[in-house]
Amino acid sequence: MLVLSRQRDESIMIGDNIVVTIVDIRGDKVRLGINAPFEIPVHRQEVYEAIQRENLRASRLEPSDTQGINAIAGRSQANASKTGPTGQNGGQSSGPISG
Amino acid sequence: MRINTTRFGRIDVDSVDVLTFPSGLPGLEDCREWALLADSSNDALGWLQSTTRGDIALAVVSPRRFVPQYQVRIPRSELTPLAISDIREAQVVVVVGQNGKTLTLNLKAPIVINLEARTGRQVVASGELSMQYELLTERPALKKSA
(Lines give C-alpha, C1' and ligand atoms only; values in the text may rest on other atoms or scores of the structure.)
Protein backbone atom coordinates (compact mmCIF):
# COMPACT_ATOMS: atom_id res chain seq x y z
CA MET A 1 0.00 0.00 0.00
CA LEU A 2 1.25 3.46 -0.84
CA VAL A 3 1.06 5.65 2.27
CA LEU A 4 1.08 9.43 1.87
CA SER A 5 0.59 12.15 4.42
CA ARG A 6 -1.77 14.95 3.47
CA GLN A 7 -3.09 18.01 5.22
CA ARG A 8 -6.51 19.54 4.85
CA ASP A 9 -7.24 20.76 1.31
CA GLU A 10 -4.41 18.74 -0.16
CA SER A 11 -5.09 16.13 -2.82
CA ILE A 12 -3.90 12.88 -4.28
CA MET A 13 -4.19 11.90 -7.94
CA ILE A 14 -4.90 8.31 -8.87
CA GLY A 15 -4.27 7.56 -12.53
CA ASP A 16 -5.16 10.34 -14.93
CA ASN A 17 -8.58 11.22 -13.73
CA ILE A 18 -9.25 10.39 -10.10
CA VAL A 19 -8.60 13.02 -7.46
CA VAL A 20 -8.99 12.47 -3.73
CA THR A 21 -9.04 15.62 -1.60
CA ILE A 22 -8.89 15.96 2.18
CA VAL A 23 -11.92 18.14 2.79
CA ASP A 24 -11.87 18.16 6.56
CA ILE A 25 -10.10 16.59 9.49
CA ARG A 26 -11.85 16.51 12.81
CA GLY A 27 -10.57 14.34 15.63
CA ASP A 28 -10.22 10.84 14.27
CA LYS A 29 -12.54 11.39 11.34
CA VAL A 30 -11.38 12.45 7.88
CA ARG A 31 -13.76 13.78 5.26
CA LEU A 32 -12.64 12.87 1.77
CA GLY A 33 -13.81 14.38 -1.50
CA ILE A 34 -13.54 12.14 -4.52
CA ASN A 35 -13.54 13.30 -8.10
CA ALA A 36 -13.80 10.37 -10.45
CA PRO A 37 -15.27 9.74 -13.90
CA PHE A 38 -18.89 8.67 -13.91
CA GLU A 39 -18.11 5.17 -15.00
CA ILE A 40 -16.08 4.49 -11.88
CA PRO A 41 -18.33 3.92 -8.89
CA VAL A 42 -16.96 4.96 -5.52
CA HIS A 43 -18.17 3.39 -2.30
CA ARG A 44 -17.15 2.80 1.24
CA GLN A 45 -15.27 -0.47 1.21
CA GLU A 46 -17.50 -2.17 3.71
CA VAL A 47 -20.55 -1.56 1.49
CA TYR A 48 -18.87 -3.18 -1.51
CA GLU A 49 -17.70 -6.11 0.62
CA ALA A 50 -21.16 -6.60 2.04
CA ILE A 51 -22.60 -6.76 -1.48
CA GLN A 52 -19.94 -9.30 -2.46
CA ARG A 53 -20.82 -11.49 0.48
CA GLU A 54 -24.52 -11.22 -0.20
CA ASN A 55 -24.08 -12.11 -3.89
CA LEU A 56 -21.99 -15.14 -3.01
CA ARG A 57 -24.59 -16.24 -0.49
CA ALA A 58 -27.37 -15.72 -3.02
CA SER A 59 -25.46 -17.65 -5.69
CA ARG A 60 -25.90 -20.79 -3.61
CA LEU A 61 -29.70 -20.73 -3.91
CA GLU A 62 -31.37 -23.58 -5.74
CA PRO A 63 -34.82 -23.62 -7.35
CA SER A 64 -36.02 -25.78 -4.45
CA ASP A 65 -35.23 -22.89 -2.09
CA THR A 66 -37.46 -20.48 -3.98
CA GLN A 67 -40.51 -22.69 -4.35
CA GLY A 68 -42.73 -20.61 -2.12
CA ILE A 69 -42.00 -17.27 -3.71
CA ASN A 70 -45.09 -17.04 -5.90
CA ALA A 71 -47.30 -17.30 -2.85
CA ILE A 72 -45.45 -14.41 -1.25
CA ALA A 73 -45.85 -12.29 -4.38
CA GLY A 74 -49.59 -12.87 -4.43
CA ARG A 75 -49.90 -11.91 -0.79
CA SER A 76 -47.81 -8.76 -1.21
CA GLN A 77 -49.95 -7.56 -4.08
CA ALA A 78 -53.17 -8.33 -2.22
CA ASN A 79 -51.96 -6.36 0.78
CA ALA A 80 -50.90 -3.50 -1.43
CA SER A 81 -54.28 -3.15 -3.09
CA LYS A 82 -55.97 -3.06 0.29
CA THR A 83 -54.08 0.07 1.19
CA GLY A 84 -54.68 1.99 -2.00
CA PRO A 85 -53.09 2.61 -5.38
CA THR A 86 -49.58 1.30 -5.65
CA GLY A 87 -48.48 2.89 -8.89
CA GLN A 88 -48.08 -0.41 -10.69
CA ASN A 89 -46.53 -0.18 -14.12
CA GLY A 90 -49.06 -0.53 -16.90
CA GLY A 91 -48.60 -3.18 -19.53
CA GLN A 92 -46.95 -6.56 -19.23
CA SER A 93 -43.53 -7.24 -20.63
CA SER A 94 -43.01 -10.35 -22.66
CA GLY A 95 -40.09 -11.41 -20.46
CA PRO A 96 -40.35 -13.38 -17.24
CA ILE A 97 -40.35 -10.33 -14.99
CA SER A 98 -43.10 -7.75 -15.06
CA GLY A 99 -44.27 -4.88 -12.87
CA MET B 1 -25.30 -20.75 -27.36
CA ARG B 2 -25.46 -23.86 -25.24
CA ILE B 3 -24.90 -23.68 -21.50
CA ASN B 4 -24.51 -26.68 -19.20
CA THR B 5 -26.10 -25.47 -15.99
CA THR B 6 -26.21 -27.26 -12.65
CA ARG B 7 -29.76 -26.11 -11.87
CA PHE B 8 -31.50 -26.35 -15.22
CA GLY B 9 -29.44 -28.88 -17.14
CA ARG B 10 -28.36 -28.06 -20.65
CA ILE B 11 -30.04 -24.97 -22.04
CA ASP B 12 -29.90 -23.14 -25.33
CA VAL B 13 -29.78 -19.37 -25.30
CA ASP B 14 -29.92 -17.08 -28.27
CA SER B 15 -26.72 -14.99 -28.29
CA VAL B 16 -28.83 -11.92 -28.86
CA ASP B 17 -30.59 -12.50 -25.52
CA VAL B 18 -27.36 -12.54 -23.55
CA LEU B 19 -26.82 -9.61 -21.19
CA THR B 20 -23.34 -8.14 -20.82
CA PHE B 21 -22.26 -6.91 -17.41
CA PRO B 22 -19.01 -5.05 -18.14
CA SER B 23 -18.00 -5.14 -14.49
CA GLY B 24 -19.49 -8.51 -13.68
CA LEU B 25 -21.09 -8.43 -10.22
CA PRO B 26 -19.41 -7.78 -6.85
CA GLY B 27 -18.04 -11.16 -5.79
CA LEU B 28 -18.56 -12.51 -9.31
CA GLU B 29 -16.39 -10.08 -11.21
CA ASP B 30 -15.34 -12.64 -13.81
CA CYS B 31 -18.92 -13.41 -14.81
CA ARG B 32 -19.56 -10.83 -17.50
CA GLU B 33 -22.26 -12.55 -19.52
CA TRP B 34 -25.61 -13.61 -18.20
CA ALA B 35 -28.90 -15.00 -19.51
CA LEU B 36 -32.18 -14.09 -17.83
CA LEU B 37 -34.30 -17.22 -17.56
CA ALA B 38 -37.88 -17.68 -16.46
CA ASP B 39 -38.59 -20.06 -13.60
CA SER B 40 -40.99 -22.71 -14.80
CA SER B 41 -42.98 -22.92 -11.59
CA ASN B 42 -42.86 -19.34 -10.32
CA ASP B 43 -43.84 -16.55 -12.67
CA ALA B 44 -42.66 -13.98 -10.13
CA LEU B 45 -39.12 -15.30 -10.34
CA GLY B 46 -36.33 -15.18 -12.86
CA TRP B 47 -32.85 -16.66 -12.84
CA LEU B 48 -29.80 -14.76 -13.93
CA GLN B 49 -27.63 -17.59 -15.22
CA SER B 50 -23.95 -17.08 -15.94
CA THR B 51 -23.19 -18.20 -19.48
CA THR B 52 -19.59 -19.03 -18.58
CA ARG B 53 -20.08 -20.66 -15.17
CA GLY B 54 -22.81 -23.27 -15.28
CA ASP B 55 -22.93 -23.46 -11.48
CA ILE B 56 -23.49 -19.74 -10.96
CA ALA B 57 -27.03 -18.37 -11.09
CA LEU B 58 -28.90 -15.77 -9.08
CA ALA B 59 -32.63 -15.77 -8.40
CA VAL B 60 -34.07 -12.35 -9.18
CA VAL B 61 -37.46 -10.72 -8.86
CA SER B 62 -39.12 -7.49 -9.79
CA PRO B 63 -38.98 -5.66 -6.45
CA ARG B 64 -42.32 -3.87 -6.67
CA ARG B 65 -44.14 -7.18 -6.75
CA PHE B 66 -42.90 -7.91 -3.25
CA VAL B 67 -42.28 -4.44 -1.87
CA PRO B 68 -44.89 -2.25 -3.56
CA GLN B 69 -43.58 0.90 -1.93
CA TYR B 70 -39.99 0.30 -3.11
CA GLN B 71 -38.78 3.35 -4.95
CA VAL B 72 -35.18 3.08 -5.89
CA ARG B 73 -33.02 6.18 -5.96
CA ILE B 74 -29.96 5.56 -8.01
CA PRO B 75 -27.32 8.24 -8.50
CA ARG B 76 -26.86 9.26 -12.10
CA SER B 77 -23.21 8.18 -11.92
CA GLU B 78 -24.38 4.61 -11.43
CA LEU B 79 -26.66 4.75 -14.46
CA THR B 80 -24.34 6.46 -16.93
CA PRO B 81 -22.11 3.38 -17.48
CA LEU B 82 -25.25 1.65 -18.72
CA ALA B 83 -26.08 4.48 -21.13
CA ILE B 84 -29.29 5.08 -19.24
CA SER B 85 -30.29 8.63 -18.46
CA ASP B 86 -33.60 7.83 -16.83
CA ILE B 87 -34.27 4.91 -14.49
CA ARG B 88 -37.59 4.42 -16.24
CA GLU B 89 -35.74 3.18 -19.35
CA ALA B 90 -34.29 0.38 -17.30
CA GLN B 91 -35.50 -2.84 -15.87
CA VAL B 92 -34.72 -3.15 -12.18
CA VAL B 93 -34.51 -6.51 -10.47
CA VAL B 94 -33.27 -7.47 -7.04
CA VAL B 95 -31.38 -10.58 -5.99
CA VAL B 96 -33.08 -13.16 -3.81
CA GLY B 97 -31.04 -14.42 -0.89
CA GLN B 98 -31.67 -16.56 2.12
CA ASN B 99 -31.26 -15.98 5.82
CA GLY B 100 -31.74 -19.32 7.50
CA LYS B 101 -35.08 -20.48 6.13
CA THR B 102 -36.31 -17.03 5.20
CA LEU B 103 -36.00 -15.69 1.68
CA THR B 104 -34.58 -12.18 1.48
CA LEU B 105 -34.25 -9.45 -1.12
CA ASN B 106 -31.21 -7.25 -1.62
CA LEU B 107 -32.96 -3.89 -1.90
CA LYS B 108 -29.75 -1.93 -1.33
CA ALA B 109 -27.95 -3.22 -4.39
CA PRO B 110 -30.44 -3.72 -7.20
CA ILE B 111 -29.46 -4.92 -10.65
CA VAL B 112 -30.23 -2.46 -13.40
CA ILE B 113 -30.63 -3.75 -16.94
CA ASN B 114 -30.67 -1.74 -20.15
CA LEU B 115 -32.86 -4.06 -22.19
CA GLU B 116 -32.21 -2.33 -25.48
CA ALA B 117 -28.43 -2.34 -25.20
CA ARG B 118 -28.44 -5.74 -23.45
CA THR B 119 -26.21 -4.48 -20.67
CA GLY B 120 -26.50 -4.62 -16.92
CA ARG B 121 -24.89 -3.60 -13.66
CA GLN B 122 -25.42 -3.99 -9.95
CA VAL B 123 -25.69 -0.55 -8.38
CA VAL B 124 -25.83 0.85 -4.88
CA ALA B 125 -29.11 2.65 -4.25
CA SER B 126 -29.23 5.70 -2.01
CA GLY B 127 -30.88 5.63 1.36
CA GLU B 128 -31.33 3.25 4.21
CA LEU B 129 -32.21 0.01 2.46
CA SER B 130 -31.69 -3.55 3.51
CA MET B 131 -29.48 -6.04 1.74
CA GLN B 132 -31.52 -8.76 3.39
CA TYR B 133 -35.11 -7.60 3.34
CA GLU B 134 -37.04 -10.53 4.75
CA LEU B 135 -39.94 -11.97 2.79
CA LEU B 136 -42.32 -13.21 5.41
CA THR B 137 -44.36 -16.30 4.85
CA GLU B 138 -46.98 -17.85 7.03
CA ARG B 139 -45.74 -20.29 9.58
CA PRO B 140 -45.77 -23.67 7.84
CA ALA B 141 -48.02 -26.32 9.28
CA LEU B 142 -46.17 -28.88 11.35
CA LYS B 143 -45.43 -31.88 9.25
CA LYS B 144 -45.40 -35.40 10.52
CA SER B 145 -42.01 -36.96 10.21
CA ALA B 146 -41.79 -39.64 7.57
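Is B:Gln98 buried, exposed or partly exposed, and how many other C-beta atoms lie within 10 Å? B:Gln98 is partly exposed, because 18 other C-beta atoms lie within 10 Å of its own; a residue counts as buried with 20 or more such atoms, as exposed with 12 or fewer, and as partly exposed in between, the C-beta atoms being placed from the backbone.

The structure is a predicted model, in which local features need pLDDT of at least 70 and side-chain atom pairs count only at pLDDT 80 or more, whereas totals for chains, interfaces and linings use all residues. Residues are numbered from 1 along each chain as its sequence is written, and chains are lettered from A and ligands numbered from 1 in the order in which they are written. The predictor assigns the complex an ipTM of 0.88 and a pTM of 0.79. For chain B the average pLDDT (the predictor's confidence in each residue, from 0 to 100) is 89, and 94% of the residues score at least 70.

Chain A contains two helices and three strands, where helices (H or I, at least four residues) and strands (E, at least two) are DSSP runs numbered from the N terminus. Along the sequence these elements follow the pattern β-β-β-α-α. The strands of chain A form an open sheet with the order β1-β2-β3 and antiparallel pairing; two strands are taken to pair if DSSP finds at least two bridges between them. At the edges stand β1 (11-14) and β3 (29-35) of chain A, each with a single partner strand, so one side of each is left without a neighbour in the sheet. From one strand to the next the twist averages 25°, with axes fitted as lines to C-alpha atoms, for helices over the stretch in contact, and angles running from 0 to 180 degrees between N-to-C directions. Four bridges link β1(A) to strand β2 (residues 18-26) of chain A in the antiparallel sense, and A:Ser11 is placed opposite A:Thr21 in β2(A). Of the 99 residues in chain A, 11% are buried. Contacts (C-beta atoms, placed from the backbone, within 7 Å) between residues 24 or more positions apart account for 0% of those in chain A with a separation of 6 or more.

Between the chains, 34 residues of chain A are in contact with 39 residues of chain B. Helices α1 (45-58) and α2 (69-82) of chain A each supply at least two residues of the side of chain A that touches chain B, and the largest share of that side, ten residues, comes from α1(A). Its residues comprise 16 nonpolar, 13 polar and five charged, with Ala, Val, Leu, Ile, Met, Phe, Trp, Tyr, Cys and Pro counted as nonpolar, Asp, Glu, Lys and Arg as charged, and the others, Gly among them, as polar.

The largest nonpolar core has 45 residues, and those with the most contacts inside it are B:Val60, B:Val61, B:Val96 and B:Val112. Such a core is a set of buried Ala, Val, Leu, Ile, Met, Phe, Trp, Tyr and Cys residues joined through C-beta atoms within 7 Å. Two or more residues of this core come from each of α1 and α2 of chain A and from each of β4 (33-38), β5 (45-50), β6 (57-61), β7 (91-99), β8 (102-105) and β9 (111-114) of chain B. Leaving aside neighbours within four places in sequence, B:Val60 is in contact with B:Gly46, B:Leu48, B:Val93, B:Val94, B:Val95, B:Val96 and B:Ile111.

The bridge partner of B:Val61 is B:Val94 in β7(B), that of B:Val93 is B:Ile111 in β9(B), and that of B:Asn99 is B:Thr102 in β8(B). Two residues separate β7(B) and β8(B) in a hairpin, where B:Gly100 in the turn has a positive phi of about 65°. B:Gln98 also lies in β7(B); not counting residues up to four places away in sequence, B:Gln98 touches A:Leu61, A:Asp65, B:Leu103 and B:Thr104.

How values were computed. Two residues are in contact if their C-beta atoms, placed from the backbone, lie within 7 Å.
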